Amino acid sequence: MKHLMELLWRYNHWLLFLMLEALSLTLLLRFSPYRQSVWLSSAGWVAGTVYDWADRVTAYFRLKEVNEGLARRNVWLEERVSSLEEQLREVSDSSAAEQTGVPPYWITRARVIKNSLNRTDNYITLDRGSAAGIRPDMGVAGTDGVVGIVCKVSPHYALVLSVLNSRSNISCMIQGSGYFGYLRWEGGDPRYAWLEDLPLHAEFGLGDTVVTSGYSAVFPKGVAVGTVDDAVDADDGLSYRLKIRLTTDFGRLDAVRVLARTGREEQKKLEEVE
């Protein structure tokens, strides 16, 4: 208490000045309608500015919730599109999927929590695992195209063999032509990979779109992969090697989709070679 009194006494002239200023302003605004209206207008502008700023801050922190909602909506729309495309392709076939309304591909969303770009064998970790229905050999795609294939899972996490991995081997085709090969990465620039084993009689042009072929139980047909950037003859002289500019920006991965074709286990079992 003694220190408080000493402080007040030391700055008493400043306190007196502030009190007189407050009293002067009060009297000025009270008995001058013009100044009172100016004060109210200024106060309203300041309050409006503060409210606008607060609303912007609130909206910014709600972006994550909005993005998650959009991701859920995208997954639902992809399931519907996949189902409709399958029905259109097999309109004359009364398959079980059409009769029950089960989409040909099961899709769930996940988020990338770990990623690498500068290794020979790069992997990606997702924040969902077997508890969410994710299993090995399921395809993973981002907003712009193919990301990789699930290679290992735990109850709450999944490890993905990235396209940027020397062991990655994904069947792809030139869109609209039917000619297909296998996408492989040889290290170096994460923006490019190579489409190999494309036959010499294949017709294509620089800038053509490359998509998944659908010739495996991992990816459906038509998932974006990249565009043809260059072409050279393979060492065997029997095929082309196409340099593909990938549509997926692996340096900015965040939300992804995990895909699994309905009935893929049956297909894998059938294709097993003893």
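## What you're looking at

Residues are numbered from 1 along each chain as its sequence is written. Because the model is predicted, local features need pLDDT of at least 70, side-chain atom pairs count only at pLDDT 80 or more, totals for chains, interfaces and linings use all residues, and side-chain values use heavy atoms, with hydrogens and water left out.

The chain has six helices and twelve strands; these are DSSP runs numbered from the N terminus, H or I with at least four residues for helices and E with at least two for strands. Of its 274 residues, 30% are buried, meaning under 20% relative accessible area, with exposed being over 50% and partly exposed in between (1.4 Å probe, protein chains only). The accessible surface is about 17,900 Å², and carbon and sulfur atoms own 57% of that; the areas come from the Shrake-Rupley method with a 1.4 Å probe, and for residues only the protein chains shown count as cover.

pLDDT is the predictor's confidence in each residue, from 0 to 100. Here the chain averages 79, and 67% of the residues score at least 70. Strand β5 (residues 158-165) has the highest confidence, at a mean of 96, while helix α5 (residues 96-100) has the lowest, at 41.

Across residues 92-102, pLDDT stays under 50, and the model has nine contacts beyond four places in sequence for this stretch. A contact means heavy atoms within 4.5 Å. Where pLDDT is low, the predicted coordinates should not be read in detail. Over the chain, 57% of the contacts with a separation of 6 or more come from residues 24 or more positions apart.

## The barrel

Six strands close into a barrel in the order β6-β7-β8-β11-β10-β9, with antiparallel pairing. From one strand to the next, the twist averages 40°; axes are lines fitted to C-alpha atoms (for helices over the stretch in contact), and angles run from 0 to 180 degrees between N-to-C directions. Two strands count as paired if DSSP finds at least two bridges between them.

Five of its five residues are buried, so β6 is largely enclosed by the rest of the structure. In a regular strand the side chains alternate between the two faces of the sheet. In β6, Ile 170, Cys 172 and Ile 174 point one way, and Ser 171 and Met 173 the other.

What does β6 pair with? It pairs antiparallel with β7 (residues 180-184) over four bridges, putting Ser 171 opposite Tyr 182. These two strands form a hairpin with five residues between them, and Gly 176 in the turn has a positive phi of about 85°. Three bridges also join β6 to β9, again antiparallel, with Cys 172 opposite Thr 212. Then β9 (residues 209-212) pairs antiparallel with β10 (residues 224-233) over three bridges, and Val 210 stands opposite Gly 226.

Strands β1 (residues 105-115) and β2 (residues 121-126) run antiparallel, joined by three bridges. They form a hairpin with five residues between them, and Lys 114 stands opposite Thr 125. β2 also pairs antiparallel with β5 over five bridges, where Ile 124 faces Val 160.

## Ser 168, in the loop

Ser 168 lies in the loop between β5 and β6. Is this serine buried or exposed? Ser 168 is buried, with a relative accessible area of 5%. Setting aside neighbours within four places in sequence, Ser 168 contacts Leu 161, Ser 162, Val 163, Leu 183 and Arg 184.
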